[in-house]
Amino acid sequence: MNEPKLKTPSVARHPLAYRNEKFLDSDDARALRILAEYMEPLARFEKEQVPGTVVFFGSARLQENGMLGQYYSDARELARLYTAWTNSLPPGTPRYLICSGGGNGIMEAANRGAADAGGRTIGLNISLPEEQSANPYITPELSFEFHYFFMRKLWFAHPARAVVVFPGGFGTLDEMSEILTLSQTRKLEGKMTVILYGEQYWNEIINFEALAKYGMIHKDDLELFSFASTPAQALDLLRRGITPEPTAAPHGGYAKTRPASTAKYIYQRSGD
């Protein structure tokens, strides 16, 4: 009599956790996705030897040939002038790169101006249902895509040496206010150069003097930023605000600002 064959127990096989796309897209893995949006840009900035940034904020809706189109031209020209200046700095001097939100409007103008001068330029794009897509002037190796707004904001603030804020709407106001708040509360290491470009626009939409008058900010907080209304004027403020000291740079012009013993940090800005 033939005995029935016993089935070999099947062994459940699951992919490695870090290769399990279903898990990585789940709520349980949100912390990993957040961490990835910190670690991946950090590694890429390190690889690309980026010592710091000059950030341009401004409206994605502002078009070169539309209403307020002069600001597009001015942002492009300022980015070009600034990049040409940094390219002329002596060897061993950190060259802070133009950085934008990676989209259209003022962001495109900033990246475009830096590219006009033959410089590398950064785009920190955000995935949105409408309005936002990476512009073609970003250096490919320095084009980033973010899901989380707060991680994108960290990468705006952490490596920044200066911020230039062009006219914009809610997003620009949010970004500007956050930088000024970090500076006001001394969460940034050292003084941040903040330039509000287009004095007439900014004084029309925000009564800065009234904030001080009613005690919402200290009178001295009005010195956290400066106004500029021409590319030449803004460039002068940038040059006076962020001219770096030449530093030994064994890696082709790239200079760390932290001691060599604490590796993997490309800059020291946010006081962590």
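The model is predicted. Its protein chain has an average pLDDT of 88. Helix α4 is largely enclosed by the rest of the structure. Met216, in contrast, counts as exposed.

**Confidence**

- A pLDDT of at least 70 is reached by 86% of the residues.
- Residues 246-265 stay under 50 in pLDDT.
- For residues 246-265, the model has 36 contacts beyond four places in sequence.

**Helix α4**

- Helix α4 spans residues 106-116.
- Of its 11 residues, 9 are buried, so the helix is largely enclosed by the rest of the structure.
- The buried residues of α4 begin with Ile106, Met107, Glu108, Ala109 and Ala110 and also include Asn111, Arg112, Gly113 and Ala114.
- Helices α3 and α5 (149-157) are among the elements that cover these buried residues.
- Strands also contribute to the cover of α4, including β1 (53-57), β2 (97-100) and β3 (121-126).
- Gly118 follows α4 and has a positive phi, near 75°.

- Helix α3 covers residues 69-87 and contains Thr83.
- Thr83 counts as buried because its relative accessibility is 5%, and buried means under 20%.
- Thr86 is buried as well, with a relative accessible area of 4%.
- A polar atom of the Thr86 side chain lies 2.8 Å from the backbone oxygen of Thr83.
- Leaving aside neighbours within four places in sequence, Thr83 is in contact with Ile98, Ala114, Ala117 and Gly119.
- One of these partners, Ala114, is itself a buried residue of α4.
- With neighbours within four places in sequence again left aside, Thr86 is in contact with Arg95 and Tyr96.

**Surface patch**

- Leu211, Tyr214 and Met216 form a nonpolar patch on the surface.
- Together, these three residues have about 350 Å² of accessible area.
- Met216 sits in the loop that runs between α8 (208-213) and β7 (226-228).
- Met216 counts as exposed because its relative accessibility is 59%, and exposed means over 50%.

Notes: Residues are numbered from 1 along each chain as its sequence is written. This is a predicted model: local features need pLDDT of at least 70, side-chain atom pairs count only at pLDDT 80 or more; totals for chains, interfaces and linings use all residues. Side-chain values use heavy atoms; hydrogens and water are left out. Helices (H or I, at least four residues) and strands (E, at least two) are DSSP runs, numbered from the N terminus. Buried means under 20% relative accessible area, exposed over 50%, partly exposed in between (1.4 Å probe, protein chains only). Contact means heavy atoms within 4.5 Å. A polar contact is a pair of N or O atoms within 3.5 Å; within protein, one must be able to donate a hydrogen and the other to accept it, and residues adjacent in sequence count only if both atoms are side-chain atoms. Patches are made of residues with over 30% relative accessible area and no salt bridge: like charges are joined within 9 Å, nonpolar side chains (Val, Leu, Ile, Met, Phe, Trp, Tyr) within 5 Å. Accessible areas come from the Shrake-Rupley method with a 1.4 Å probe; for residues, only the protein chains shown count as cover. A salt bridge is a side-chain nitrogen of Lys or Arg within 4 Å of a carboxyl oxygen of Asp or Glu. pLDDT is the predictor's confidence in each residue, from 0 to 100.
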